[in-house]
Amino acid sequence: MWQFSALLLFFLQGVCTAQEVTGPAEVSGQEQGTLTVQCKYTSRWKDYSKFWCRVAGWNMCEFLVETDKSEQLIKKNRVSIRDDQTHFIFMVTMEDLRMSDAGIYQCGITKAGYDHMFKVYVNIDPAPERSTTITTIIPRVLTSTPPTMENTAKEQMIQSSPHTRSLLSSIYFLLMAFVELPLLLSMLSAVLWVNRPQRCFGGGEVGLVKTHGSDAQDREKDFPGDGK
């Protein structure tokens, strides 16, 4: 009931003040968008403050933003207002619209006594649905190759290569110790055997210097009488 009375009062005020301030009867905006409302007034109200309010109940209008009697832009929260005193128009802008912003508003002029106001119905259309792209991420599965004889042999060869080299070194060292070393010793022994002093069949040695005793015996054999 009170809503009907409020609408009736606002309608009568709009009729009474239609010549002082006017505006669009209904405007629409889109959710998350921006909405601008232009309200016109007569030149006599040039130096007066202008406002934008929202109807909150019986004979109540919640002020959202109001000018300071100049052409300076005034902003409060998501609503701003600016007065063009040359063309006698003030513009109201609502930003970041929400579905809850839909309702009845008033653009008006502040004066002594009753304010001049004009009601404006604001409709908010829902924002279009955005198409969402679903990206499916398929994890890459790492598959292991079954071991084969060839792969196993290669792996064993790769893994055992350092040990193989070490074993070959050991075998080479053993060959040096047990084959080449005895061969060298044999060759050295042969050389020493060839170069050894040789003896005659009579018990003497070829090339040896005769001792003093041997000379005396020889002289006795040659001169037997000298020994007496």
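**Chat about the disulfides**

Mentor: Let's start with the pairing: number the bonded cysteines along the chain in sequence order, and they link up as 1-4, 2-3. Keep in mind that this is a predicted model.

Trainee: Okay, and how many disulfides does the structure hold?

Mentor: It holds 2 disulfides. One of them joins Cys-39 to Cys-107, and Cys-53 and Cys-61 form a disulfide too.

Trainee: Take Cys-39 and Cys-107. How far apart are their sulfur atoms?

Mentor: The sulfur atoms of Cys-39 and Cys-107 sit 2.4 Å apart. That pair counts as a disulfide because the cut-off is within 2.5 Å.

Trainee: And which parts does that pair tie together?

Mentor: Cys-39 belongs to strand E3, residues 35-41, and Cys-107 to strand E9, residues 103-109, so the link connects parts 68 residues apart in sequence.

Trainee: Is Cys-39 buried or exposed? And what about Cys-107, buried or exposed?

Mentor: Cys-39 is buried, at a relative accessible area of 0%. Cys-107 is buried as well, with its value at 0%.

Trainee: Switching to Cys-53 and Cys-61: what's the sulfur distance there?

Mentor: For Cys-53 and Cys-61 it's 1.9 Å.

Trainee: How accessible are those two cysteines?

Mentor: Cys-53 counts as buried, at 0% relative accessibility. Cys-61 is partly exposed, with a relative accessible area of 22%.

Trainee: Last thing, handedness. Is the link of Cys-39 and Cys-107 left-handed or right-handed? And the link of Cys-53 and Cys-61, left-handed or right-handed?

Mentor: The Cys-39 and Cys-107 link is left-handed, with -105 degrees about the S-S bond. The Cys-53 and Cys-61 link is right-handed, with 95 degrees.

Methods. Residues are numbered from 1 along each chain as its sequence is written. This is a predicted model: local features need pLDDT of at least 70, side-chain atom pairs count only at pLDDT 80 or more; totals for chains, interfaces and linings use all residues. Side-chain values use heavy atoms; hydrogens and water are left out. Helices (H or I, at least four residues) and strands (E, at least two) are DSSP runs, numbered from the N terminus. Buried means under 20% relative accessible area, exposed over 50%, partly exposed in between (1.4 Å probe, protein chains only).
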